Amino acid sequence: MSVVAEFTIPADAFALEHTFDTVPDATVEIERLATHSREWVMPFLWVRSDDLEAVKHALEADPDIEGVRTLNLADGIGYFNVHWSEELQRLIDEVVDQHGIVQEAEAKDGRWYLKLKFVDESVLEEFQAHFRDRGHAFELQRLYRGIEPKERRYDLTPEQREVLTTAQEMGYFDVPRETQIEELAAELDISTNSVSQRLRRATDNLVRNTLTVSTPKGLPDAN
């Protein structure tokens with residue numbers, strides 16, 4: 001059965017250490033393509049920063065990148081096409097050779113957060129052993145089955161999922177709103193206070209697990 005593993009690794013052991021040292025507020029998201037060409041596995045970067053010009057110059061000077069092309073700079077978000085260095089390409093090749101499928105790659109505060117999928121736990125164990133022996137600090141933070149329901153991936157309880165889906169079906173999120181919280185409470189047979197709390201917690205969990213790059217619980221901030 002396939003498993004999904006979420007890892008953290010410092011930028012100095014993976015990629016863009018120079019960029020994060022130069023522009024500490026930058027957050028990076030890699031846009032991955034499904035391709036057989038090693039040069040097009042992770043060719044695009046979305047970068048958020050208050051100083052995109054500084055990001056552009058930092059990427060151009062970063063030793064992990066052999067070439068960079070600026071595609072767009074607007075509203076605090078930069079979109080770049082990058083050609084990675086041969087050393088980083090070899091590391092990515094190793095990840096692929098160890099049967100890790102890169103599903104997500106994001107970075108903040110000089111630390112990368114990677115989501116990799118493996119065909120089963122034995123392959124994951126081989127991946128960890130391979131990189132541990134080579135001194136790469138892939139630190140496992142979270143592990144779940146590849147067929148795990150979405151609400152588990154997003155840290156939603158069954159009650160939180162129910163209130164979100166019911167609210168969506170009844171038009172609570174529409175503009176203008178088609179139903180009120182009292183009607184949701186009646187439909188779910190719970191108090192309005194319970195509806196409100198579940199909606200807030202469910203929304204917080206969804207945002208944290210889908211839209212933000214944050215330090216996993218138990219890890220110290222890089223700052």
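What share of the contacts in the protein with a separation of 6 or more comes from residues 24 or more positions apart? Such residues account for 63% of these contacts, where contact means heavy atoms within 4.5 Å. The structure is a predicted model, in which local features need pLDDT of at least 70 and side-chain atom pairs count only at pLDDT 80 or more, whereas totals for chains, interfaces and linings use all residues. Residues are numbered from 1 along each chain as its sequence is written, and side-chain values use heavy atoms, with hydrogens and water left out.

The secondary structure comprises eight helices and eight strands, taken as DSSP runs of H or I of at least four residues for helices and of E of at least two for strands, and numbered from the N terminus. Of the 223 residues, 39% count as buried, a term that denotes under 20% relative accessible area, with exposed meaning over 50% and partly exposed in between (1.4 Å probe, protein chains only). The protein exposes about 12,600 Å², of which carbon and sulfur atoms supply 46%; these areas come from the Shrake-Rupley method with a 1.4 Å probe, and for residues only the protein chains shown count as cover.

The eight strands form an open sheet with antiparallel pairing, in the order E4-E5-E3-E2-E6-E7-E1-E8, two strands being regarded as paired if DSSP finds at least two bridges between them. Strand E4 (65–74) and strand E8 (139–145) stand at the edges with a single partner strand each, so one side of each is left without a neighbour in the sheet. Neighbouring strands of this sheet are turned against each other by 20° on average, direction ignored; axes are lines fitted to C-alpha atoms, for helices over the stretch in contact, and angles run from 0 to 180 degrees between N-to-C directions. E4 pairs with E5 over eight bridges in the antiparallel sense, and Val 68 has Val 82 as its bridge partner in E5. Strand E5 (residues 77–84) is also paired with E3, again antiparallel, over five bridges, with Asn 81 of E5 as the bridge partner of Phe 44. Strand E3 (residues 44–48) is in turn joined by five bridges to strand E2 (residues 27–31), the two running antiparallel, and Trp 46 in E3 is the bridge partner of Glu 29.

Helix H3 (residues 86–97) lies across E4, E5, strand E6 (101–108) and strand E7 (111–118), and runs at about 90° to E5. Helix H4 (residues 121–133), by contrast, lies across strand E1 (3–10), E7 and E8, and runs at about 15° to E1.

The largest nonpolar core has 39 residues, and those with the most contacts inside it are Leu 16, Leu 45, Trp 84, Trp 112 and Phe 118; such a core is a set of buried Ala, Val, Leu, Ile, Met, Phe, Trp, Tyr and Cys residues joined through side-chain atoms within 4.5 Å. A second, separate core of 12 residues includes Val 163, Ile 181, Leu 184 and Ala 202. When neighbours within four places in sequence are left aside, the contacts of Leu 45 include Leu 16, Val 28, Ile 30, Phe 80 and Trp 84. Leu 16 itself lies in the loop between E1 and helix H1 (17–22), counts as buried at 0% relative accessibility, and has a positive phi of about 70° although it is not a glycine.

Three salt bridges are counted, each defined by a side-chain nitrogen of Lys or Arg within 4 Å of a carboxyl oxygen of Asp or Glu. In one of them, Arg 142 is joined to Glu 6, with the closest N and O atoms 3.4 Å apart; this pair links strand E8 to strand E1 across 136 residues. In another, the closest N and O atoms of Glu 94 and Arg 134 are 3.8 Å apart, and the pair links helix H3 to the loop between H4 and E8, 40 residues apart. Glu 104 and Lys 115 form a further salt bridge at 3.3 Å between the closest N and O atoms; Glu 104 lies in strand E6 and Lys 115 in strand E7, so the pair ties together parts 11 residues apart in sequence. Glu 104 is partly exposed at 39% relative accessibility, whereas Lys 115 is buried, with a relative accessible area of 15%.
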